[in-house]
Amino acid sequence: MTWLVHSLLPNKQFVALELIGEPQSGKTTTQNALLSLIDPTFVNCGIPKTDKDFDKLLLLNKYVVDFDNLDSLSKATQKKIAELLSGYVSEQNYLFKCPVIFNAIDSVVTESILSDLTITIDISNERFLSSPTDDPLQYLRSDIFAWILKAIHYVYFYNGYLNENVSRSPKMQDFCRTGILLARMMDRSQSEFSDQFSANQKTRLQLQLDNLPVGLAIQSFLAANQDSQTTHLPVSKWLEVLENYKPDGIAKADWPSNPKMLGAALKRVAPLLRKLEIRCVSQGKTGSNCEWEIMPQPKGGFDISSYRI
């Protein structure tokens, strides 16, 4: 609901909505139903393969860019979608900015630039719109849209009462402000929104980490050694330690074979681990003797569940 209302607010940082679930779980039906409320221009948007294809897609003048039944998204396409959510300048110097929605069996968002702007919802167990009818909202659409207009008015009216910092994620500030206000409008606990948002973001980060074997090995190491006091080790020693926690089925080419490669992998995964409350920091030396500190770190930052207006 927050995504629907937020997508109709101008001058905001837009967010992508990714629906995932098993086949026949209602992903496409749900996506089409949501689109019918805010952009009922049903045009089949194929995945653009080049910059020109992407610009042509935008010239369709759809309010929401949507993709159906994805298998994957290339790094280049993920970057362009992230730019579109914030403001994308085409080769013809046209500025485009709009919400994005897509669905897939498993998450196809793997890059931080898009992951930081994506809400992923698994609807496999919901089936709330896996209806046999072509239009599951045919008797409800006008009432729902009237509620959305009321919600937009409420968010605009009370938006100035909110503190600027309502999320630890800078790119999700606008989205969290909308969610907090909608919770209040519906007489729901603000902690209900914050708990759902925090859980969603943690799941989103874990999906991203699943593509990084070294990060998964660090998680397994910390889970198995919660009482260990040894957190500073040379990178060459970490290579030996993490070898015992390497995920099953990892190809040899995807696992670092020497300390230098592990050091590079630790640098790549460190920002993501920090978001998952894991401290992974180099002690400044170089080579195989460089020490890394790896340990859980206490939670911090602004707790949106404690904010009141």
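Me: Before we start, what should I know about the numbering and the confidence limits?
Reply: Residues are numbered from 1 along each chain as its sequence is written. The model is predicted, so local features need pLDDT of at least 70 and side-chain atom pairs count only at pLDDT 80 or more, while totals for chains, interfaces and linings use all residues, and side-chain values use heavy atoms, with hydrogens and water left out.

Me: How many helices and strands are there in the chain?
Reply: Helices (H or I, at least four residues) and strands (E, at least two) are DSSP runs, numbered from the N terminus. Counted this way, the chain has 11 helices and 9 strands.

Me: What percentage of the residues of the chain count as buried?
Reply: Buried means under 20% relative accessible area, exposed over 50%, and partly exposed in between, with a 1.4 Å probe and protein chains only. Among the 309 residues of the chain, the buried share is 45%.

Me: What part of the contacts with a separation of 6 or more comes from residues 24 or more positions apart?
Reply: A contact means heavy atoms within 4.5 Å. Taking the contacts in the chain with a separation of 6 or more, the part from residues 24 or more positions apart is 70%.

Me: Which strands stand at the edges of the open sheet of 3 strands?
Reply: Two strands pair if DSSP finds at least two bridges between them. In this open sheet the order is E7-E9-E8, with antiparallel pairing. Each edge strand has a single partner strand, so one side of it is left without a neighbour in the sheet; these strands are E7 (232–234) and E8 (278–282).

Me: Which residue of E9 is the bridge partner of Leu233?
Reply: E7 and E9 (residues 291–296) pair in the antiparallel sense over 3 bridges. The partner of Leu233 in E9 is Trp292.

Me: At what angle does helix H11 run to E8?
Reply: Axes are lines fitted to C-alpha atoms, for helices over the stretch in contact, and angles run from 0 to 180 degrees between N-to-C directions. Helix H11 (residues 259–275) lies across E8 and E9, and its angle to E8 is about 145°.

Me: Which residues is Phe175 in contact with, leaving aside its neighbours within four places in sequence?
Reply: Phe175 is one of the residues with the most contacts inside the largest core. Its partners are Thr2, Trp3, His6, Val15, Ile119, Phe193 and Phe197.

Me: How many residues of H2 are buried?
Reply: H2 reaches 17 Å from its first C-alpha to its last, close to the 16 Å expected at 1.5 Å a residue; the expected span is 1.5 Å times one less than the number of residues. Its buried residues, including Lys27, Gln31 and Leu34, pack against H1, E1, E2 (65–70), E5 (100–104) and H6. H2 is largely enclosed by the rest of the structure, because the buried residues number 9 of the 12.

Me: Which residues of E1 are buried on each of its two faces?
Reply: In a regular strand the side chains alternate between the two faces of the sheet. E1 has 5 of its 5 residues buried, so it is largely enclosed by the rest of the structure. Both faces are covered, by Ala16, Glu18 and Ile20 on one side, and on the other by Leu17 and Leu19.

Me: Which residue of E5 is the bridge partner of Leu19?
Reply: E1 pairs in the parallel sense with E5 over 5 bridges, and it also pairs in the parallel sense with E6 (residues 118–122) over 5 bridges. In E5, the partner of Leu19 is Asn103.

Me: Is Cys98 buried or exposed?
Reply: Cys98 is found in the loop between E4 (95–96) and E5. It touches Phe14, Tyr63, Val65, Leu84 and Leu85, not counting residues up to four places away in sequence. Its relative accessibility is 6%, so Cys98 counts as buried.

Notes. A nonpolar core is a set of buried Ala, Val, Leu, Ile, Met, Phe, Trp, Tyr and Cys residues joined through side-chain atoms within 4.5 Å.
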